[in-house]
Amino acid sequence: MSLRRILLGTCAAMLALPAQAAEAPSVAQIRKFMADYGACIVRREPDLARKAVLEGANFHSDSPEGKRLKQRECMDEDLLRNSSGGFQGRLRMRFDEDTYRGVIAEALMAKGIPSLDEAALKAIPLLTYDEPRPLRTQYRDGKPIPEEKLERARAAIARKTEAMLIGKLGECVVRTAPAPARAVMSTAIESPGELQALNALSPALGQCIKAGETVSLDRMSLRGSLAIAQFRLSQAKVGS
């Protein structure tokens, strides 16, 4: 797996563009929108923002928490209408939950949350992650689950597995190279400085990516995993 390819990869957002849109938004525009979203949620819902990163709040738009985490004030589609510095046409963006958590975690740290005590890192137990459940091929009554549903389940397991691996990778990098990982947070998104800071993590990434392990990363997902890990570790109790 090429580290250069990882760090130069594009943002893995799922986009739904209107038929007459002149052009898709740039990665920088998407990331700016998400950074603004994270800052907005932290400002409007500080307690829920912390819960989202530390405990895994529900981002589903039908849940009470999800409605607050995806409130119109922070995700108004009208913000994406044509403007001098905005996107062409209307745009719908769908991200995995850890993408939201990553920008929220970084926004929380920017608000002056106590920084990670690097000296205490070794005394902080490994963080826990939401692991995917094994694939079930039968219903409770013993009848086989249709292949179509199994395919959806396999896809969901694959997404959850990758999210778990990226989360563990972020934690490993923060523990292995805490100062360089922290330096990433001080760079502007999509800037040469950000790329330089991420490339400086290549040795740590090389140590943390296990042989035979496949992880798809871009700048946004890697930075987000570092932000989540740093925030979670900064809030963890030594020896807990």
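Here is a conversation about how the terms used for this predicted model follow from its values.

User: What should I know about the model and its numbering before we start?

Analyst: The model is predicted, so local features need pLDDT of at least 70 and side-chain atom pairs count only at pLDDT 80 or more, while totals for chains, interfaces and linings use all residues. Residues are numbered from 1 along each chain as its sequence is written, and side-chain values use heavy atoms, with hydrogens and water left out.

User: How many helices and strands does the protein have, and what makes a stretch count as one?

Analyst: There are 11 helices and 2 strands. Both are DSSP runs numbered from the N terminus: a helix is H or I with at least four residues, and a strand is E with at least two. Along the sequence, the pattern reads α-β-α-α-α-α-β-α-α-α-α-α-α.

User: Why is Gln71 called buried?

Analyst: Buried means under 20% relative accessible area, exposed means over 50%, and partly exposed is in between (1.4 Å probe, protein chains only). Gln71 has 9% relative accessibility, so Gln71 counts as buried. You can find Gln71 in the loop between α4 (64–69) and α5 (72–75).

User: Which residues does Gln71 touch, and what makes something a contact?

Analyst: A contact means heavy atoms within 4.5 Å. Leaving out residues up to four places away in sequence, Gln71 touches Ile41, Arg44 and Glu45.

User: Why is Ser191 called buried?

Analyst: Ser191 has a relative accessible area of 15%, and therefore Ser191 is buried. Ser191 lies in the loop between α8 (178–184) and α9 (192–199). Ser191 and Ala28 are 163 residues apart in sequence, and their C-alpha atoms are 9.0 Å apart in space.

User: How do you know that Cys40 and Cys74 form a disulfide?

Analyst: A disulfide is a covalent bond between the sulfur atoms of two cysteines. Here the term is given to a pair of cysteine sulfur atoms within 2.5 Å. The sulfur atoms of Cys40 and Cys74 are 2.0 Å apart, and the two form a disulfide. This pair links distant parts of the chain, with Cys40 in helix α2 (residues 27–44) and Cys74 in helix α5, 34 residues apart. Both cysteines, Cys40 and Cys74, are buried.

User: What makes the disulfide of Cys172 and Cys208 left-handed?

Analyst: The torsion about the S-S bond of Cys172 and Cys208 is about -80°, so this disulfide is left-handed. The pair links distant parts of the chain: Cys172 is in helix α7 (residues 147–176) and Cys208 in helix α10 (residues 202–208), 36 residues apart. Their sulfur atoms are 2.1 Å apart.

User: What share of the residues in the protein is buried?

Analyst: Buried residues make up 39% of the 240 residues.

User: How do the residues lining the second largest pocket divide, and what makes a residue nonpolar, charged or polar?

Analyst: Ala, Val, Leu, Ile, Met, Phe, Trp, Tyr, Cys and Pro count as nonpolar, Asp, Glu, Lys and Arg as charged, and the others, Gly among them, as polar. The lining divides into 7 nonpolar, no polar and 5 charged residues. Among the lining residues are Cys172, Cys208, Leu126 and Arg175. A pocket is an open set of points on a 1 Å grid over the protein atoms alone, with protein on both sides within 12 Å along at least five of seven lines, and lining residues have an atom within 4 Å of a point.

Note on methods. 1 Å grid on protein atoms, 1.4 Å probe; cavity = no way out; pocket = protein on both sides within 12 Å on 5 of 7 lines; lining within 4 Å.
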